[in-house]
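Good morning, colleagues. Please keep the sequence and the structure in view while I speak.

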Amino acid sequence: MRLVKEYLMIVIGCFIMAISLNGLLIPNKIAAGGVSGLATVLYYLFGIPVSITIVVINIPLFIAGVIYLGKKFGIKTLVGTYLLPLLIAFTEWTPVFTEDLLLATVFGGVLMGVGLGIIFRANGSTGGTALAGQLLNKFFGFTVGQSILIIDFLVIAFAGMVFNAELAMYALISVYVTGKVIDLTQQGFRVSKMAYIISNNPQEISEAILYKLNRGATSLKGKGVYTGEKRDILFCVVSQMEIAKLKEIVYEVDKKAFVVVSDVTEALGEGFSSLE
């Protein structure tokens, strides 16, 4: 059942990306990096359909990936790699949603990010830049992240030369938006807070957190560098809505407590998001 769900997510993600390309990015000449961005430029240069270019570029990339990186990509990568251009071809009927470059840039990036985020959550991939990045990592030592950044920059620079500098700048905005939305799609919109609490009354505070906030806390062993005094440090993760109540609970017990609060990108497990 889980496998069926993941393949369905890959289909949905590829469909959203195809709509984004046909309805927003391609008609407005926004080549937002990667293979799809390069395909967009080649479409306006030579009239080659974007779907055909993506397939042609991905064939040698996928073969090289299997040869040099091993057969670890699996069927999900193969499905995502060739389902995307297929859906791009099947959704060419998509109307152009807007001719406003800023709107096309932002919402095109948002839809691309949502689509890719859904695919990544299903442990899938659309090949292209990700495969190229892994190959650059193997042969030239760049990290995968650096490799993708280099490829995106080269594609956008090429688009700037073919189109104009303004469209290249819009493409950079779209790439940034896509990256942020991928993170949001994978991690969710629920922001948690993490707190370290140093107090002379750790037991009383931990009990108050447990019974008044219905949250757990973990006691860590620490030692003051200056005094050499050993003490317990409480570690606690709460929702954003609960952080004010947590601070109130702590200072009710110990007004001199030292509390450090920071954002948590994602919290999984009991009381938070599911591990599934």
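Let me begin with a definition: two strands are said to pair if DSSP finds at least two bridges between them. Helices (H or I, at least four residues) and strands (E, at least two) are themselves DSSP runs, numbered from the N terminus.

Two remarks on the basis of what follows. This is a predicted model, in which local features need pLDDT of at least 70 and side-chain atom pairs count only at pLDDT 80 or more, while totals for chains, interfaces and linings use all residues. Residues are numbered from 1 along each chain as its sequence is written, and side-chain values use heavy atoms, with hydrogens and water left out.

Strand 1 (residues 192-198) pairs with strand 4 in the antiparallel sense over 7 bridges. Within strand 4, Val261 is the residue opposite Ala195.

Now for what is buried in helix 10. Here, buried means under 20% relative accessible area, exposed over 50%, and partly exposed in between, with a 1.4 Å probe and protein chains only. The buried residues of helix 10 are Ile243, Leu246, Ile249 and Val250. Seen down the axis of helix 10, these residues fall within an arc of 120°, so they line one face of the helix. That arc is taken from the directions from the helix axis to the C-beta atoms. As a general point, an α-helix has 3.6 residues a turn, so residues three or four places apart point the same way. The cover over the buried residues of helix 10 includes strand 1, helix 9, strand 3 and strand 4.

Contact means heavy atoms within 4.5 Å. Not counting residues up to four places away in sequence, Leu246 touches Ala195, Ile197, Ile209, Leu213 and Val238. Its C-alpha atom is separated by 9.1 Å from that of Lys212, 34 residues apart along the chain.

Let us move to the earlier part of the chain. The UniProt annotation "transmembrane region", from an unreviewed entry, covers residues 7-26, 46-70, 77-95, 101-120 and 140-161. UniProt positions are given in the numbering used here, feature names are shortened, and annotations may be inferred rather than shown by experiment. In the model, residues 7-26 are 95% helix and 0% strand, with end C-alpha atoms 26 Å apart. Residues 77-95 are 74% helix and 0% strand, and their end C-alpha atoms are 29 Å apart.

Is Asn28 buried or exposed? At 8% relative accessibility, Asn28 counts as buried. Asn28 is placed in the loop between helix 1 (2-25) and helix 2 (34-46). Its contacts, leaving aside neighbours within four places in sequence, include Tyr44, Val96, Glu99 and Leu167. Lys29 lies in that loop between helix 1 and helix 2, and is partly exposed at a relative accessible area of 33%. Lys29 has a positive phi of about 60° although it is not a glycine. Asn214, in the loop between helix 9 and strand 2, also has a positive phi, near 60°. Asn214 counts as exposed, because its relative accessibility is 68%. In general, most residues other than glycine have a negative phi.

Finally, the chain as a whole. The protein chain has 10 helices and 4 strands, and buried residues make up 43% of its 276 residues.
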